[in-house]
Amino acid sequence: MVRDRERERQNVTRVLLVHDTNLLRTALAAFLGREPDLEVSAASWTGAAAAARAVRPDVSVVDMDGPEAGEGCGAVGAWGLGAGRGEGEEGGALLALASVGRPGPLRRAYEMGALGYLSKNASPDRLVEGIRHVAKGERYIDESLGFGFLQAAEIPLTRRELSVLSLAAEGASVGEIARCLHLSNGTVRNYMASITRKTGARNRVDAIRISRGAGWV
């Protein structure tokens, strides 16, 4: 009996769902938890790193929208998700949830080594399908995100510049961005100058406007 339970246990995929909207996080976790082969935990961004250390998921399903998914405060990089990590390491393989028309989060997910990409407009059944593919080490890409990947390839900003710009777009000051990303104030100003130049903007506010219009942040 114990051996049978152990075999069943070995077929269970541990899933960590990271989303800051409590209602959606709770509903999705409840839906996924109905699947006999999925063992689901959920966390907000503030609790994600601790949850990953405790759960050691096989797959982490992460909402990539918002500055939290970049490098810095509550970042995915804080506990190292991604397909390139070794088996059994804390974050497991990454299945990124992204919005159609926002290539910036797709770019971040790709550079983090995400194995799966799913539109946030997809059905919950597609999410289950994506988790199972990624758990087996198979790439999974929602066809509706195809054009977004083409747009992502044309983004002139680096991953770090996107992180700086995303925080700036949320109203963070230079000092707040510096503390969040563990940079000096001068380095943040240099990044903002580079962002302004690359986007052809007149100033920081204009760079945010241009980038939002293009769906980068």
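Modeller: A residue is called buried when its relative accessible area is under 20%, exposed when it is over 50%, and partly exposed in between, using a 1.4 Å probe and protein chains only. This is a predicted model, so local features need pLDDT of at least 70 and side-chain atom pairs count only at pLDDT 80 or more, while totals for chains, interfaces and linings use all residues. Residues are numbered from 1 along each chain as its sequence is written, and side-chain values use heavy atoms, leaving out hydrogens and water.

Colleague: Thanks! Why is Asp 63 called buried?

Modeller: Its relative accessibility is 7%, which falls under the limit, so Asp 63 counts as buried.

Colleague: And what makes Lys 120 and Asp 63 a salt bridge?

Modeller: A salt bridge needs a side-chain nitrogen of Lys or Arg within 4 Å of a carboxyl oxygen of Asp or Glu. The closest N and O atoms of Lys 120 and Asp 63 are 3.0 Å apart, so the pair qualifies. Lys 120 lies in the loop between strand S5 (116-119) and H5, and Asp 63 in strand S3, so the bridge ties together parts that are 57 residues apart in sequence. Lys 120 itself, at 34% relative accessibility, counts as partly exposed. Salt bridges with shared partners join Asp 63, Asp 65, Arg 102 and Lys 120 into one network.

Colleague: How many salt bridges does the structure hold?

Modeller: Twelve. Among them is the one between Arg 132 and Glu 35, with closest N and O atoms 2.8 Å apart. Arg 132 sits in helix H5 (residues 124-135) and Glu 35 in the loop between helix H2 (22-33) and strand S2 (38-43), so this pair links parts that are 97 residues apart in sequence. Arg 132 also meets Asp 37 in a salt bridge, at 2.9 Å from N to O. Asp 37 belongs to the loop between H2 and S2, so that pair ties together parts 95 residues apart in sequence.

Colleague: How do you know where a helix or strand starts and ends?

Modeller: They are DSSP runs, numbered from the N terminus: helices are H or I runs of at least four residues, and strands are E runs of at least two.

Colleague: What makes strand S4 mostly covered?

Modeller: Six of the six residues of S4 (residues 93-98) are buried. Ala 93, Leu 95 and Leu 97 point one way, and Leu 94, Ala 96 and Ala 98 the other way.

Colleague: How do you know that S3 and S4 pair?

Modeller: Pairing requires at least two bridges found by DSSP between two strands. S3 and S4 have five, in the parallel sense, so they pass. One example is Val 61, whose bridge partner in S4 is Leu 95. S4 and S5 pair in the parallel sense too, over four bridges, and Ala 96 stands opposite Tyr 117 in S5. Between S4 and S5 the chain passes through helix H4 (residues 103-111), and this β-α-β crossover is right-handed. That word applies if, with the strands pointing away from the viewer, the path from the first strand over the helix to the second runs clockwise.

Colleague: One last thing: what stands out about the phi of His 182?

Modeller: His 182 has a positive phi near 60 degrees, although this residue is other than glycine. His 182 is in the loop between helix H8 (174-181) and helix H9 (185-199), and at 71% relative accessible area it passes the limit for exposed. Arg 56, likewise not a glycine, has a positive phi of about 50 degrees. Arg 56 lies in the loop between helix H3 (45-55) and strand S3 (59-63), and its 36% relative accessibility falls in between, so Arg 56 is partly exposed.
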